[in-house]
Amino acid sequence: MQYFSTRGAGPVTLDEALVRGIASDGGLFLPQQLAAFMAEDFAAASSIPEVAARLMAPFFSGSSLQDDLQAILAETFSFPIPVTPLPAGEGSASLLELYHGPTAAFKDVGAGFLAACLTRLQGDDASPLTILVATSGDTGGAVAAAFNERPGMRVVVLFPEGRVSDRQAQQLTCWGDNVLSLRVRGAFDDCQALVKSALADTGLGSRFRFSSANSINIGRLLPQSTYYAHASLEHYAQTGRKPGFIVPTGNLGNALACVMAREMGLPIGPIILATNANRTISDYFETLKWLPRPSVQTLASAMDVGDPSNMERLRSLVGDADVLRERLGVLAVTDDLIEAAIREDYEAFGFATCPHTATATHTWRELDDELKTGHDWILVATAHPAKFETIVEPLIGATVPLPQGLAEILARPSRSVAIDADLAALDVALHEFFSA
Ligand SMILES: *Cc1c(COP(=O)(O)O)cnc(C)c1O
């Protein structure tokens with residue numbers, strides 16, 4: 001399988017696309033074509049790694065990782081991804097629980113897969129690959145967890161000091177000797193700028209082999225189609241009906257994986273994107289004009305994206321807004337409605353949802369009757385509510401029980417280094433920590 005940039009450059013191999021992250025023309029990598037499947041193709045596959053092996057095989061044809069695919073998938077899908085039926089209400093709905101990984105959010109799947117691939121492609125004990133990641137909260141934890149203690153690999157996490165929650169900070173700072181956590185005196189944008197200048201700096205580049213684990217890396221995207229395939233195949237086998245999915249959406253990575261699964265022939269019905277108050281996608285569907293803008297802050301902070309980069313992939317795969325809006329629904333959910341949904345979910349389901357997941361449960365309740373009762377719906381739960389306890393607990397008036405993985409992380413010793421937001425300070429910190 002060959003890979004091309006959304007802007008035309010290519011072809012490159014999967015290995016190159018994984019290592020480069022972004023194409024030379026600034027575009028995003030996509031496979032030359034999507035494989036075509038039928039539900040029967042998965043008759044012999046029941047577990048998630050088995051479904052993944054069928055689904056991912058065409059993407060790995062010709063890659064040096066082909067023979068390692070089973071092992072890569074076993075490492076990636078080492079935790080359960082259950083579909084839990086919700087109490088019968090108006091129509092049939094279940095929750096796709098993507099939050100049983102090491103950092104209790106769906107990014108663990110993409111980060112784990114990318115780490116498993118990059119370690120095999122680039123891991124080198126004599127000259128470790130150093131992954132730089134700037135984070136406003138969630139991504140850095142998933143990337144650090146995924147690369148933690150992998151041989152020949154290092155991670156440097158940069159986060160804005162005092163601007164992440166206590167539990168997020170712990171998930172960024174509790175790892176082994178190959179992870180350096182930096183509290184940057186500045187904002188997220190300063191962290192991002194620092195990563196950019198480090199990647200471009202020839203002095204640092206002569207002493208470190210740098211790479212990034214950007215959310216637009218094709219290795220973060222591909223494995224996510226697996227849980228949509230697995231959930232839809234199980235539902236279809238049991239009921240003969242194709243489930244619809246409602247996907248909380250920020251940068252469009254998770255939702256794009258759902259669209260790709262449907263394009264590949266998996267039994268998936270309607271797909272609806274649930275966003276927060278960042279209205280770039282909903283305005284695009286309404287006005288047919290693509291107008292990226294600065295993000296606004298919301299309770300669903302991991303979805304605070306004003307310029308969703310994966311739209312470039314979605315348009316390249318499916319078409320522009322006039323086509324897209326025929327194939328996808330979208331609803332923008334304000335903070336007030338997120339709060340109301342968290343309360344309503346707790347009352348109706350008996351358990352809490354996180355602010356991101358609440359955009360999906362709200363969207364489901366708002367569906368018109370025909371759509372709602374005409375399909376079985378799977379609502380995508382992107383994070384565990386215990387990650388966002390400071391928002392959720394006051395709303396439901398109860399404590400959210402900690403899942404075991406998160407409890408283990410919170411019990412570990414934490415370690416981080418504070419630096420000013422400049423390259424000289426980063427240089428010193430790297431030198432001291434890795435003695436390079
Ligand atoms: C990253 C994230 C999202 C948004 O996912 P995209 O792939 O960027 O659309 C939603 N919920 C949670 C909890 C996240 O961490």
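Two strands are said to pair if DSSP finds at least two bridges between them, and by that rule strand E5 (residues 129–134) pairs with E8 in the parallel sense, over four bridges. The model shown here is a predicted one.

**The open sheet**

- Five strands make up an open sheet, in which the order is E8-E5-E6-E7-E13 and the pairing is parallel.
- The edges of this sheet are formed by strand E8 (209–212) and strand E13 (417–420), each of which pairs on one side only.
- On average, neighbouring strands of the sheet are turned by 30° against each other, if direction is ignored.

**An enclosed helix**

- Helix H16 (residues 355–366) contains twelve residues and reaches 17 Å from its first C-alpha to its last, which is close to the 16 Å expected at 1.5 Å a residue.
- Because eleven of its twelve residues are buried, H16 is largely enclosed by the rest of the structure.
- The buried residues of H16 include Pro-355, His-356, Trp-364 and Arg-365.

**Backbone features in loops**

- As background, most residues other than glycine have a negative phi, and most peptide bonds are trans.
- The peptide bond from Gly-10 to Pro-11 is cis, with omega near 0°, and Pro-11 has its place in the loop between strand E1 (3–5) and helix H1 (14–20).
- Ala-104 is not a glycine, yet its phi is positive, at about 60°, and this residue lies in the loop between strand E4 (93–97) and helix H4 (107–122).
- Since buried means under 20% relative accessible area, Ala-104 counts as buried with its value of 3%.
- Leu-252 likewise is not a glycine and has a positive phi, of about 75°, and the loop that holds Leu-252 runs between strand E9 (244–248) and helix H11 (253–263).
- Leu-252 is buried too, at 3% relative accessibility.

**Around the ligand**

- There are 14 residues around the ligand, and those that come nearest are Lys-107, Gly-250, Asn-251, Asn-254 and Thr-382.
- In the side chain of Lys-107, an N or O atom is 2.5 Å from an oxygen atom of the ligand.
- The side chain of Asp-138 has an N or O atom that is 3.1 Å from an oxygen atom of the ligand.

- Asn-178 is found in the loop between helix H6 (166–173) and E7, and at 11% relative accessibility Asn-178 counts as buried.
- Not counting residues up to four places away in sequence, Asn-178 touches Phe-147, Asn-148, Glu-149, Arg-150, Met-153, Arg-154, Val-155 and Phe-434.

Key
Residues are numbered from 1 along each chain as its sequence is written. This is a predicted model: local features need pLDDT of at least 70, side-chain atom pairs count only at pLDDT 80 or more; totals for chains, interfaces and linings use all residues. Side-chain values use heavy atoms; hydrogens and water are left out. Helices (H or I, at least four residues) and strands (E, at least two) are DSSP runs, numbered from the N terminus. Buried means under 20% relative accessible area, exposed over 50%, partly exposed in between (1.4 Å probe, protein chains only). The expected span of a helix is 1.5 Å times one less than its number of residues. Axes are lines fitted to C-alpha atoms, for helices over the stretch in contact, and angles run from 0 to 180 degrees between N-to-C directions. A residue is near a molecule or strand if one of its heavy atoms lies within 4 Å of it. A polar contact is a pair of N or O atoms within 3.5 Å; within protein, one must be able to donate a hydrogen and the other to accept it, and residues adjacent in sequence count only if both atoms are side-chain atoms. Contact means heavy atoms within 4.5 Å.
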